Amino acid sequence: MAGPLPLGDPAPADGRLPSDLAIDPAVPFSAYLHVPFCRVRCGYCDFNTYTSGELRGAKQEDYASTLITEIDLAQRVLADAGALRPMDTVFFGGGTPTLLPAGDLARMLGAATDAFGLVADAEVTVEANPDTVTPAVARTLADAGVTRLSIGMQSAVPHVLAALDRTHRPENVTTAVAAAKDAGLAVSVDLIYGAPGESLGDWEASLDAALALESDHISAYALIIEDGTKLARQIRRGEVPTPDDDLQADMYELADARLAAAGFDWYEISNWSRTVEQRSRHNLAYWRGSDWWGFGPGAHSHVAGLRWWNVKHPAAYAQRLAAEESPAAGTERPDAESRTLERVLLLSRIREGIAVADLQPDKRARVAGLIADGLVDPAAAVRGRVQLTLRGRLLADAVVRELTD
């Protein structure tokens with residue numbers, strides 16, 4: 001499971017927002033609904049998830065009703081603060097949301113829609129393990145108002161899936177995508193590259209398999225070794241090799257070339273879509289600093305610069321709500337310097353980049369050096385934007401350091 005929660009100030013038991021919070025009603029509002037259940041914990045994962053043996057006092061069958069209690073709390077809190085807005089995007093993440101009955105996901109979405117409303121063209125996404133998607137599940141989700149399924153393919157190569165502790169059958173990715181399309185859902189496919197023992201040829205095979213699915217959107221994430229995970233312990237003991245940074249760079253370049261040739265365009269370092277309309281609006285809401293409420297144990301929220309996070313364990317989360325208390329464990333309001341760093345970090349990741357005028361005055365002159373190093377697009381800089389080149393995407397952390405340190 002995930003590491004410790006961040007340090008912060010105590011959160012009010014009633015969940016109220018500070019009276020001096022300057023909330024802009026024009027800022028889009030999103031909802032993230034966390035479903036923290038997994039059949040098996042993947043060796044690389046550090047998300048706040050739990051297998052059945054780890055629930056200790058929480059019942060998976062009660063989860064939808066518990067989360068709806070937090071939705072009711074959020075509706076009261078936002079209404080009292082004058083911040084009630086319809087949802088622009090909704091995202092069910094995890095964990096494995098589709099481990100719950102599709103009817104439970106529909107109930108949670110219905111409760112959120114009743115509480116906040118949905119904009120006319122809202123994007124509603126559900127993450128799914130390929131083995132859990134059937135035609136009946138896809139139809140139930142579509143009928144409930146879901147518009148998009150994000151399917152965790154990760155790889156098409158059995159030994160790579162095994163290295164990642166993924167248990168789904170590769171052929172079920174094809175049937176899951178077909179079920180989603182037949183139900184009228186948009187489809188995103190998620191991939192991971194750089195697993196122990198994965199070759200460039202293995203990665204090429206996974207890219208070919210993903211492109212053959214003819215999805216609308218593909219995410220490709222480099223494997224990151226997180227402290228406290230099974231994979232980190234295996235590497236520390238010398239049982240598996242540390243991911244090769246140079247090989248991962250080659251894999252990224254191959255992905256970008258193959259996806260571009262197939263009609264996909266990058267819009268964030270790890271995300272490609274066929275059209276602008278098929279970009280993940282929910283993820284863009286995070287990168288652009290919009291407002292969102294995160295529901296569920298360990299979920300994080302952000303409204304007008306205020307951040308808070310819920311208690312981690314499902315049992316503690318349920319106990320707080322049963323006692324008519326907010327499940328928030330802590331809160332913080334980052335200072336101006338922290339907000340500037342975060343803004344550069346997030347906006348530099350997306351294709352539109354960040355405006356040169358939004359950089360600190362003493363950092364703007366550094367853009368010329370980044371152009372000379374081939375990290376920033378010179379034509380975009382002339383238009384007043386810092387946009388990463390392919391080389392810049394590979395060295396994005398270095399660009400952020402140059403623009404903030």
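Guide: Asp-246 belongs to helix α8, which spans residues 245-261. The model is a predicted one, and in it Asp-246 has a relative accessibility of 61%, so the residue counts as exposed, the cut-off being over 50%. Together with Asp-244, Asp-245, Asp-250 and Glu-253, Asp-246 forms a negative surface patch.

Leu-390, Leu-394 and Leu-395 make a nonpolar surface patch of about 200 Å². Of these residues, Leu-390 is located in helix α14, residues 390-394. Its relative accessible area is 32%, and Leu-390 is therefore classed as partly exposed, a class that lies between 20% and 50%.

Loops supply a further example of an exposed side chain. Ile-224 is situated in the loop that lies between β6 (217-222) and α7 (230-236). With a relative accessible area of 54%, Ile-224 is exposed, because the value is over 50%. In sequence, 179 residues separate Ile-224 from Cys-45, while their C-alpha atoms are 9.2 Å apart in space.

Strands β10 (residues 300-303) and β11 (residues 306-310) run antiparallel and are joined by four bridges. Val-303 has Leu-306 in β11 as its bridge partner. The hairpin of β10 and β11 has two residues between the strands, and Ala-304 in this hairpin adopts a positive phi near 55°.

Methods. Residues are numbered from 1 along each chain as its sequence is written. This is a predicted model: local features need pLDDT of at least 70, side-chain atom pairs count only at pLDDT 80 or more; totals for chains, interfaces and linings use all residues. Side-chain values use heavy atoms; hydrogens and water are left out. Patches are made of residues with over 30% relative accessible area and no salt bridge: like charges are joined within 9 Å, nonpolar side chains (Val, Leu, Ile, Met, Phe, Trp, Tyr) within 5 Å. Accessible areas come from the Shrake-Rupley method with a 1.4 Å probe; for residues, only the protein chains shown count as cover. A salt bridge is a side-chain nitrogen of Lys or Arg within 4 Å of a carboxyl oxygen of Asp or Glu. Lys and Arg count as positive and Asp and Glu as negative; His and the chain ends are not counted. The place of a charge is taken as NZ of Lys, CZ of Arg, CG of Asp or CD of Glu. Buried means under 20% relative accessible area, exposed over 50%, partly exposed in between (1.4 Å probe, protein chains only). Two strands pair if DSSP finds at least two bridges between them.
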